Amino acid sequence: MAQDSKPQPFIPHEIVVKILSRLPVKSLLQLRCVSKLWRSLISSPQFAKTHLDVSSKNKDYAKHRLIFISACYRYCLKTCSLQSMLYEPSVTAIDVECPISEYSLVGCCNGLVCIAVNYESIFLWNPSTRESKKLTDYGVTLKNIDSIALGFGYDESSDDYKVVGIFVDWCNWDSYENEVQVYSLRTDTWKRIEQFPGGTSVDFRGKLASGALHWAWGSDMQSTDWVIVSLDLAKEMSRTIAQPNYVNDEFSSMLGVLGECLCILRQYGNFAELWVMKEYGKSDSWSKIATMSYSMFPKLRNQYDTPICISEDGKLLLSMRREVGLYNPKDNTVEYPEVHNSGACFEHMTYVESLVSPNVDKGAERQQQ
């Protein structure tokens, strides 16, 4: 006589979601094959948001990776574990299959990486899922385009990813005309918005903080006396943000983002100061958090790169153009993590592993499969 099969234990849907949202992307992509129900769940945009929220809040960067361009025997993209970079003496970089070549990294947001190709074509790419999308061409009306500055970020108010392009025509040596265009992933279109103040961007990449993109904006591309111009991604309006009240103005400076805060690295002689805006938009919240002496680690001198990130114990991961260093402001020392298979590396950025798709209809397509 056949024995009665025992009923399978019932696991509530919310418990399943909670468990799955803590798994790495690679495992989730494999688990889509378990059942149609799991495929539909894991492929849904709502689950992608839940998973992203859990991964982003991981304070030890377990779900984050460092991405950079490597010049080993050819130019290629590589990634490595950000957690290992911060807390272990050595880490191994791996090659990433990118759908394009001859690229520059524009920015990373919610697991998506924005890449520019010869400043003519722009792609959004998720290195965790390997999905990519080529953006429609921008229709700039300027007679000449002599320089381009780009930025990439997320507009939470409209649940939309946006790319901003600032196109500049050098009319003559002391006069610039610019045109600002904003691309919406949701509508797959570019639109022109109001011009920025007279001048040009000192840096190529906009820095994302507090729902806005920021550029160092000066009278020319070599300007050291620049202001911070921000573009609110929701309102699509620009404004200027005051820099700190410095004691000494004889510095060369670079704008960046540390954590979720704007930062400025100011270099003079054998020293550099790191300033952080602790409350966004409040000029009196600028605070000097570190003064670094280059005499103790000459590899950093005149590299003009802001920190990549900060660890839980307060160490700063610094990009030194061709390698990285881990600076401890408590004792003014620097360590150089050993990165195997990296080659000469530059354009360092961090991203969180996510299921966010660069194709707005992709989630619906997956659920129907």
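Predicted model: local features only at pLDDT ≥ 70, side-chain atom pairs only at ≥ 80, totals over all residues.
Visitor: Which residues touch the most other members in the largest nonpolar core?
Guide: They are I122, F152 and V163, in a core of 24 residues. At least two residues of this core come from each of β5 (103-109), β6 (112-117), β7 (121-126), β9 (147-155) and β10 (160-172).

Visitor: And what is V163 in contact with, leaving aside neighbours within four places in sequence?
Guide: Its contacts include I122, L124, L135, F152, V182, Y183 and W190. A separate core of 16 residues lies apart from the largest one, with C80, M85, V324 and C345 among its members.

Visitor: Turning to the surface, which residues form a nonpolar patch?
Guide: I11, I15 and I19 do, and together they have about 260 Å² of accessible area. I15 belongs to helix α1 (residues 13-20) and counts as partly exposed because its relative accessibility is 37%.

Visitor: How many salt bridges are found in the whole structure?
Guide: The search finds 16. One of them joins K162 to E236, with the closest N and O atoms 2.9 Å apart. This pair links distant parts of the chain, since K162 is in strand β10 and E236 is in the loop between β16 (227-232) and β17 (237-241), 74 residues apart.

Visitor: Is K162 buried or exposed?
Guide: K162 is buried, because its relative accessibility is 6%, and E236 also counts as buried, at 13%.

Visitor: What about R192?
Guide: R192 forms a salt bridge with E179, at 3.7 Å between the closest N and O atoms. R192 is partly exposed at 46% relative accessibility, whereas E179 is buried at 0%.

How values were computed
Residues numbered from 1 in each chain as written. Heavy atoms only, no water. Core = buried A, V, L, I, M, F, W, Y, C linked by side-chain atoms within 4.5 Å. Buried < 20%, exposed > 50% of the residue type's maximum accessible area, 1.4 Å probe, protein only. Helix = DSSP H or I, 4+ residues; strand = E, 2+ residues; numbered from the N terminus. Contact = heavy atoms within 4.5 Å. Patch = residues over 30% accessible without salt bridge, like charges linked within 9 Å, V, L, I, M, F, W, Y side chains within 5 Å. Areas by Shrake-Rupley, 256 points an atom, 1.4 Å probe, with all protein chains shown as cover. Salt bridge = Lys/Arg side-chain N within 4 Å of Asp/Glu carboxyl O.
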